[in-house]
Amino acid sequence: MKLLQVAQHADDLQRAAAFYAALLGSEPRALFDPPGLLFFDVGGVRLLLEKAAPSSLLYLEVGDLHGLVSGLKARGVRVIAEPHMIFAHEDDLLGPAESEEWMAFIEDSEGNAVGLVSRVRPLGD
């Protein structure tokens, strides 16, 4: 079994399409309007944006968390929580052993929170 699709609430599909295209660095895969369904591919998992969907908390893995958050702020995206270390992985149970997991939270164009996650090795390693 694998995760196939995640749905996220969006009041305005055009606004959501522009926001997520810029955030993900890729254009939508499909738009069906009516009935109002917008799809992106996120690492092989479909992200469905639609008015009838409930709000979800998405966590997206990114390479340069600090750089991305700086760029989003410059574009006027609301940052809910600045980048900060969440957890240091001593083993490989939930992430690469001897790495740190950093997160930041932003607000998307539709008012949903989105978590941005980066796994890094501590400096000096």
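1. Is phenylalanine 32 buried, exposed or partly exposed? In this predicted model, where local features need pLDDT of at least 70, side-chain atom pairs count only at pLDDT 80 or more and totals for chains, interfaces and linings use all residues, phenylalanine 32 is partly exposed, with a relative accessible area of 43%; buried means under 20%, exposed over 50% and partly exposed in between, with a 1.4 Å probe and protein chains only. Residues are numbered from 1 along each chain as its sequence is written, and side-chain values use heavy atoms, with hydrogens and water left out.

2. Rings of Phe, Tyr and Trp (its six-membered ring) pair if their centres lie within 6.5 Å, planes under 30 degrees apart counting as stacked, over 60 as edge-to-face and the rest as tilted; the count comes to four aromatic pairs. The ring centres of phenylalanine 32 and phenylalanine 39 are 6.1 Å apart and their planes stand at 75 degrees, so this pair is edge-to-face, and phenylalanine 39 is buried at 13% relative accessible area.

3. Tyrosine 59 and phenylalanine 105 also form an edge-to-face pair, with 5.9 Å from centre to centre and 80 degrees between the planes. Because tyrosine 59 lies in strand E5 (residues 58-61) and phenylalanine 105 in strand E7 (residues 99-107), the pair ties together parts that are 46 residues apart in sequence; strands are DSSP runs of at least two residues, numbered from the N terminus. Tyrosine 59 is partly exposed at 45%, whereas phenylalanine 105 is buried at 16%.

Methods. Helix = DSSP H or I, 4+ residues; strand = E, 2+ residues; numbered from the N terminus.
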